[in-house]
Amino acid sequence: MTALISYDPSAALATQPDNRFVDLADALEAARSEVLADVELFKRGVVPVEKQPLDAGFVTWPADLLRDAEQNGPESLIAEIERCAARLRQVSDSAVVLGIGGSYMGMRAMFEALCSPFHNELNRQDRHGIPRIYFEGWNVDSDHQSGLLNLLNRRANQASADSPDGRTSIIVISKSGGTLETAVAFRNFRGFVERRFSDAVQDLIVPVTGNTGRLRDLANSAAFKNVFSIPDGVGGRFSVLTPVGLLPAAVAGINIRRLLQGAADMTEHFRTAKYGSNVVLDSTAVVHLMEVDYGMTTRVLSTWGSRLEAMGLWYDQLLSESLGKQEKGATPITCVNTRDLHSRGQQHQQGRRDKLITNLLPGRSRHDHLGIPARDDDFDQLNQYRDICIRTVRDAAIGGTNQAYAEDRRPTADFRLECIDEHSIGQLFQLFMLSTVAEGQLIGVNPYGQPGVEAYKRNMTAILSSS
Ligand code: PA5
């Protein structure tokens, strides 16, 4: 099993003369108790009006699901997801995941972190029969949508009619079942499947949706081979470890049991470890302290290597939609280094002193052996670094960047993963979700619901109706 993620805020705390981390112990203990008490309230189904909405179901969900698998084996939800994923791998060579916001960003994060960066370029054999994975319905962009439809159409033309090689499956994900972006894309992709694979429509389309809504109504009437439910009480951006993320992840060959185990382990750590050695409580205290006491209202998640960029974007959404309320909440920014040292780096080193930089350090690489080869001509004078691994260069960049920030009293903290795998990614999801709701307790903001998002939807619908 991969070790738990560790957290080191010492460089951030050293930038402030009056290190107040210890003073926050009681507040953090109270926040933890409140988060856990909310889970009990939620489970009992008695939620006082002032706590609504209370979508606390995500906290125990991973452990609940693993227990279900242990007790019910082939009848469990995990087994059903794995069977459906195996079936989709057999019947299709491309899988399109339709969804937006919480119904999209978590799977995108897993795909980028856990699959080959060139997965879709590989042939079926090198992909071990795993379909190419595409994402749509997360925008209203006709060039992107028609580009993908044309590509899938060409693939269907090139393959023989009954071979999976030219076939596309669709996983359409919407909790409300009425989100316009996803619904528009679903019309087009459903139409494509109906036209091209009319013999297998029910096999190739899998809805993942809430218990009510238009997509649920369709799922109830259309005899799709599989339909998955998004549980009540798990909000959109907290739903990555429900069928929303688990089904497409399983299709992509990701081990969803290890993912859930990582999340369950993080919940247990949150529940039991003391303040001062609790990754969730400690990191929540530091971001809170830095923002509220020292004015670091911009939170930079600095990911090292491109595999964690989409994880950062998932966190951007989680933080923005959960705590960006009542004129409060920090502004999240995701960086990919060293790429962004050549763009945002200048500002982070010498710009406004409003940033806490938290590094997400990925640990071991999958291909640690790749290095800097020697050359006889040494035209670029890199022979001085001959045989040094690229990972060593990256680690020097991390050390050098942290040192440069520290020398100018710019606060940094480090999350350290042992490596990027299912267990650590499951931990990371749960860590950020728990930390976000605990921070909500500290600043008096309900992290669930996103009333502010309704305004643009109302206006968009009104403009569309009058055009
Ligand atoms: O966090 C949320 O609830 C939102 O980001 C939703 O996930 C997003 O708006 C998509 O909603 P739906 O799944 O209902 O289509």
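Mentor: Before we turn to this predicted model, a word on classes: Ala, Val, Leu, Ile, Met, Phe, Trp, Tyr, Cys and Pro count as nonpolar, Asp, Glu, Lys and Arg as charged, and the others, Gly among them, as polar.

Trainee: With those classes in hand, how do the residues of the shell around the ligand divide?

Mentor: The shell around the ligand holds 13 residues, and Ser103, Ser174, Ser176, Thr179 and Gln317 come nearest. Sorted by class, the residues of that shell divide into one nonpolar, nine polar and three charged.

Trainee: Which residue has a side-chain N or O atom 2.7 Å from an oxygen atom of the ligand?

Mentor: A polar contact requires a pair of N or O atoms within 3.5 Å. A ligand oxygen lies 3.4 Å from a side-chain N or O atom of glutamine 450, while a polar backbone atom of arginine 237 is 2.9 Å from an oxygen of the ligand. The side-chain atom at 2.7 Å from a ligand oxygen belongs to serine 176.

Trainee: Turning to salt bridges, which residue is the partner of lysine 51?

Mentor: By the rule of a side-chain nitrogen of Lys or Arg within 4 Å of a carboxyl oxygen of Asp or Glu, the count comes to 32 salt bridges. One of them links distant parts of the chain, with lysine 51 in the loop between helix 2 (25-44) and helix 3 (61-72) and its partner in helix 2, 17 residues apart. The closest N and O atoms of this pair are 2.9 Å apart, and the partner is glutamate 34.

Trainee: What is omega for the peptide bond from asparagine 337 to threonine 338?

Mentor: Threonine 338 is in the loop between strand 8 (331-337) and helix 14 (345-350). The bond from asparagine 337 to threonine 338 is cis, and its omega is near 15°.

Trainee: What is the phi of arginine 409?

Mentor: Most residues other than glycine have a negative phi. Arginine 409 lies in the loop between helix 15 (390-407) and strand 10 (412-416), and although arginine 409 is not a glycine, its phi is positive, at about 55°.

Terms used
Residues numbered from 1 in each chain as written. Predicted model: local features only at pLDDT ≥ 70, side-chain atom pairs only at ≥ 80, totals over all residues. Heavy atoms only, no water. Near = heavy atom within 4 Å. Polar contact = N/O pair within 3.5 Å; in protein donor to acceptor, adjacent residues only side chain to side chain. Helix = DSSP H or I, 4+ residues; strand = E, 2+ residues; numbered from the N terminus.
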